[in-house]
Amino acid sequence: MEDTQIRPFKTLCMIIGIVSTAYILFIIKVSSFDSGWDLVVPLLFICTCISWIYFIWQQRIQFTTNSVKFIKLSIESDWGSAKDLSVKYDEIDSVRLLGDQLFIHATKGKISFPLKPKSKTTKQLKAAFEQRDIPFEIKLA
């Protein structure tokens, strides 16, 4: 069984990249840069967008041969700190999507994070868990 890697915010990275590139091209076209100081705000904007894209791109869920790894994801809440977590398949008791929240019950505790029921990420996670004989239950609220 091959490794599966899911990037839940891949589309967000693309949107940030496209919008920020369009904005910078617009600023370059309409602005006259009289001094080096005129470049400070666009350069800060570029640096901020690159750091956002870098941070968001690192977030992923990786299914390996014996475990699922949550890499740089906020596990406890939408705004929690990003963490790395690895759970072996034989430690997972159940995977349930209740409303907009995914719950993974394991022997060591419960992992939860927000997830839309009809999203592409939900379909990918369902397929990846079921490929490893772990039932993925969806209950809409």
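Biologist: Which elements does the protein chain have, and in what order do they run?
Modeller: This is a predicted model, and its protein chain has three helices and eight strands, which run β-α-α-β-β-β-β-β-β-α-β from the N terminus on.

Biologist: What radius of gyration does the protein chain have?
Modeller: The protein chain has 19 Å, whereas a compact globule of 141 residues would have a value near 14 Å; along its principal axes, the C-alpha trace spans about 65 × 30 × 25 Å.

Biologist: And how many residues are in the largest nonpolar core?
Modeller: That core has 22 residues, and those with the most contacts inside it are Ile 61, Phe 63, Ile 92, Leu 102, Leu 125 and Phe 129. At least two core residues each come from several elements, among them strand S2 (60-63), strand S5 (92-98) and helix H3 (120-131).

Biologist: What does Leu 125 touch?
Modeller: Leaving out residues up to four places away in sequence, Leu 125 touches Ile 6, Ile 61, Phe 63, Leu 102, Leu 115 and Phe 136.

Biologist: Switching to the surface, which residues form a nonpolar patch there?
Modeller: The patch is formed by Ile 28, Phe 33, Leu 39 and Leu 43, with about 350 Å² of accessible area together. Of these residues, Leu 43 lies in helix H2 (residues 40-58).

Biologist: Why does Leu 43 count as partly exposed?
Modeller: Because its relative accessible area is 48%, which falls between the 20% limit for buried and the 50% limit for exposed.

Note on methods:
Residues numbered from 1 in each chain as written. Predicted model: local features only at pLDDT ≥ 70, side-chain atom pairs only at ≥ 80, totals over all residues. Heavy atoms only, no water. Patch = residues over 30% accessible without salt bridge, like charges linked within 9 Å, V, L, I, M, F, W, Y side chains within 5 Å. Areas by Shrake-Rupley, 256 points an atom, 1.4 Å probe, with all protein chains shown as cover. Salt bridge = Lys/Arg side-chain N within 4 Å of Asp/Glu carboxyl O. Helix = DSSP H or I, 4+ residues; strand = E, 2+ residues; numbered from the N terminus. Buried < 20%, exposed > 50% of the residue type's maximum accessible area, 1.4 Å probe, protein only. Core = buried A, V, L, I, M, F, W, Y, C linked by side-chain atoms within 4.5 Å. Contact = heavy atoms within 4.5 Å. Rg over C-alpha atoms; globule rule 2.2 N^0.38 Å.
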